[in-house]
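Let us walk through this structure step by step. Keep the sequence and the 3D view side by side as you read.

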Amino acid sequence: MTRLLRAEWTKLRTVRGWMAGLVLAALLIVGFGALFAAAGHSSCSRGPVEVPCPVPPLGPDGLAVEDRFYFVHQPLDGDGTITARVASMSGQIRLPDATPGVRNVVSGLVPWAKAGVMIKESTEPGSPYAAVLLTGAHGVRMQYDYTEDLAGAGPSGAPRWLRLTRAGETITGEESPDGARWTRVGTARLPGLPARVRVGLFAASPGDIRVTPNTLGGSAASSRFAEATALMDGVSVRGAATGGAWSRDDVGAEVNPDGSVHHPGGLVRNGEEFAVTGTGDIAPNTTQSTIERSLIGSLVALIVVIVVAVLFVSTEYRRGLIHTTLLAGPRRGRVPVAKAAVVGGVTFVLGLAATAVTPALARRIGRGNGVYTLPVSTFTELRVVVGVAALLAVAAVFALALGTLFRRGSMAVVTAIVTLVVPYALAIASIVPDEAARWLLRLTPAAGFAIQQSLPEYAHVTGLYAPAAGYFPLPPWAGFAVLCAYAALALGLAAYRIERRDA
Amino acid sequence: MDATIEVSGLRKRFGRTLALDGMTFRVLPGRVTGFVGPNGAGKSTTMRVVLGLDAPDEGRALVGGRPYRSLRDPLRHVGALLDAGALQPSRSGRDHLLWLAHSQGLGAGRVDEVLGLVGLAPAARRRAGGYSLGMRQRLGIAAALLGDPPVLMLDEPFNGLDPEGIVWIRGFLRELAAEGRAVLVSSHLMSELEDGAGHLVVVGRGRVVMDVGVAELIAGASHDRVTVRTSARSQAMAALAGAGATVAAGDREALVVSGLPADRIVAVLGARAVPFSEVSAHRATLEEAYLDLTRDAAEFRGAAR
Amino acid sequence: MRRELRAEWTKLRTAPAAWWLLPGVVALTVAGSAAAVGFTTCAPAGCGHDPARVGLFGVQLGQGLVALLAVVAVCGEYGTGMIRTTLTAMPRRAVTLAAKAGVLTGVTLVAGTLGVLGSAVAGFLSGGSALPPRAVVGSVLYLALIALLGLGVATVVRDSAAATGVVLGLLYLFPIAILMIRDEDLRLLLWKISPVNAGLAVQATTDVLPLGPWAGLGVLAAWAAGALLCGGLLLRLRDA
């Protein structure tokens, strides 16, 4: 087998066009990544002035978060408890203008509008927190540190009693229909929580997300302003409270050029009744550019790799060289395996060289243009970088196996592209309904593209979780395994047929 | 239009290799001209330039006085066989000829005619991919004959043929030449042309080494050498040297004599009563004459020699 | 030119590939359109899909086979070396390419017309609305231009596997890239230069697109003309 591998490696290496093709594929990944990063541009305006877009705050685990809400709070030293009753929740949503220029505002709550009690390290956006809250349509939840979300006992609306208890680094959330019988919702551990924290009432409402078909292809999600107002009473803070006076903060708010807050929240206090109004969300940030978008060139590279891998075997059939190859190694079934190992290995190495440098390069270029790329954990970044290179390598193996099966170059290229690229194109174009699109990305080799998804779906964040937005129906490694299974099947068939059929 | 191929001063370079280096010759009607030279001497390239497939860097090639690419219905002027395997295997032999015929404004009738001429009619409707090498060669010749052209060019038509096929092509080419056509046949094996060609253009390293009639070439290569076998070698050498001949010792009893014709040698030896068993004039084969000529020109030569 | 046309027609007619590719274009176009109409269950006006683009969706699948036909027609000759026979018989290379283009356009127009009309009828029978004539005629022309684009690319690339990769890449990568890019200006630019996205604007009835229907088809025509021009030039300059 070693000899066979060496022979095939020599074959691949000595045809200048093939090696040039594979190197070109790697360069395309880097080139397109840099090109699109350089051509992209993002700017934000504050009033009439164009300003650099604000960099989103980072949460406790280093991921970008959204942390915007209205907070009525007081300091809490050491352990303690906050209790409050959400008497009612209401809100308003701004819809597309029916009459141009006239604001079309209707009352209502978006499903993940939220209000309740919170313990937070500080009012700094991105700082650790835990909250138990009532939502627009998802009942009582306990949420903490942006990504964690626990459901309460059942669907229940206002009025509802909520309670948070701090004991060291542990915070327990409870709910109650009457303030007497309490049920635990969940427990959060906030490591490193300092002695002095903020405790209080909050309200927030993410924008109203509408998904419309994009005429350019795919779907577009647009978010419209929404705010929530919670009427809360029965507020009590027990523990080592200092003073007991309430402060108010529009946490994470944008400030207009004139110094006023953009879309301010507010508190209307009527005796023991607090009406807290807020907008924004406390959640992981999913709206910025992702790391896998910098690897867009891998699609072009994929086509090049498919062509080279097919040519690597189909030219042997066309020129009759396959006879020589089979004579040199009479155990025929090993030939396609050796070829696959060589072409897959070379593709992986070259691809990895490209995918390793491209995200950092694109991030740097993009930052200069005001484009922010969401940070991901080292493990995720590694998975995307290695995964895309592996995707190219497995695609090469798949194409090579098809080339051995069909013997005809163009047929093999067509089949590889039709099974690998076309389902992906169909799935992300809006023409196929989302459910059909998801099945395409579960059952066809195109499932392998899941390996590049860097952001998970969050159940507690409303968003467009469609394939077009980069969300795949299968987990990354499962999707990749589907592609691998297809490649292995094709390679097995190729080995079987070359063993059985006359060359 | 007259039936000639004229090639003058062709030069062509492929990367670092100089494929043609001032190739110049003429092919005249009424005879088969052999186009010989070692592999890589530029035979195929010359033919491709004549057919307008490759563009020369310098020089020009004319068919009947005109550049190939200016010919209307070129197959009525020149028929060519370059690579008999160059057809789409899924198409039948007859369909292959049919589209060629249509490109020259000819009909299906002519196709069946040439198929009969080369003896391929029974297999005409089968996939060309299943043809044997000989059948493909016949199909290629049929394609060359399609337009009944006054000029024919065949690149290595004997390659891979069985002896019967070789004899058939030789005879066929002689017939075509006898009808007044100019026929150019390339080969790297002189022996294949032995009874076929009346004229030879010998090439090496991209240029013409010799442009000569076959009879003339053989005579020239024989160098009037005479072999003498005698049991009294020293006596004979002295006698012949005295008569003005150049004498070299061959193996055992043989002497190679030049400078005296065979009848004079017999007279001289007889006059001095030197015994001899054989006096024979040496006649070179075409092969030997060719090797002699191309010795310097051969590009690829075994290092062991 | 007439002889070249006739020869190329005979060539195409006797190539087995054409006999499954052309019916394949018709079948895939009709089946794809019918499936799209069946999938899109909402009322045509309700879910924001352009009914004409849904009803002619199969064109986006059929185009792959049309491109393949063009590639096979050229690269089949290069692969076997028959191109030398072709150019020996028909040395006016530009004319020969034009003849090939003419024959290919002709058969694609026929297959395209059958496929597009079949889609229209299938859509109408399954309860869709009648398609506007511009979308129908435009889609047929679109397919013919795809054939010419494929022909041009194949003449430039010559190898069938590589040419297939290039053409299918051009057809299917642009739409994906447009969806993956976030920057609006860049998206718009890519959309406007994409042969498929811009070309299919000719089907639009209710969608408001960056380019008008005929301007969009013009983009594809420019691609096809550019590819053919490059192909023709290289065919003239290169040794066969």
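In which sense do strand 8 and strand 9 of chain B pair, and over how many bridges? Keep in mind that this is a predicted model. Strand 8 of chain B covers residues 199-204. The two strands pair in the antiparallel sense, over 6 bridges. For one facing pair, look at B:V203. Opposite this valine stands B:V208, in strand 9 of chain B.

Now widen the view to the sheet in chain B. This open sheet is formed by 6 strands. Their order is 5-6-7-3-8-9, and the pairing is mixed. Strand 5 (78-81) and strand 9 (207-213) of chain B stand at the edges. Each has a single partner strand, so one side of each is left without a neighbour in the sheet. Direction ignored, neighbouring strands of the sheet are turned against each other by 15° on average.

A helix belongs in this picture too. Helix 4 of chain B, residues 133-145, lies across strand 5 and strand 6 (151-155) of that chain. This helix runs at about 165° to strand 5 of chain B.

Next, the chains together. There are 2 pairs of chains in contact, and chains A and C share the most contacts. Chain A and chain B do not touch. Their nearest C-alpha atoms are 12 Å apart.

Turn to the contact between chain C and chain B. Chain C gives 22 residues to it, and chain B gives 28 residues. On the chain C side, the elements that give two or more residues are helix 1 (2-13), helix 4 (59-80) and helix 5 (82-89). By type, the residues of this side divide into 9 nonpolar, 7 polar and 6 charged.

Helix 2 of chain B (residues 93-103) meets helix 1 of chain C, and their axes come within 7 Å. How are the two helices oriented to each other? The axes cross at roughly 165°. Angles over 145 degrees count as roughly antiparallel, so helix 2 of chain B is roughly antiparallel to helix 1 of chain C. The crossing of these two helices is right-handed.

Which residues make this helix contact? From helix 2 of chain B come B:L98, B:W99, B:H102 and B:S103. From helix 1 of chain C come C:R3, C:E4, C:R6, C:A7, C:T10 and C:K11. The residues of this helix contact divide into 3 nonpolar, 3 polar and 4 charged.

How values were computed: Residues numbered from 1 in each chain as written. Chains lettered and ligands numbered in written order. Predicted model: local features only at pLDDT ≥ 70, side-chain atom pairs only at ≥ 80, totals over all residues. Contact = placed C-beta atoms within 7 Å. Helix = DSSP H or I, 4+ residues; strand = E, 2+ residues; numbered from the N terminus. Nonpolar A, V, L, I, M, F, W, Y, C, P; charged D, E, K, R; others polar. Axes fitted to C-alpha atoms, helices over the stretch in contact; angles between N-to-C directions. Parallel < 35°, antiparallel > 145°, perpendicular 65-115°, else oblique. Left-handed = near helix turned anticlockwise from the far one by under 90°. Pairing = 2+ DSSP bridges.
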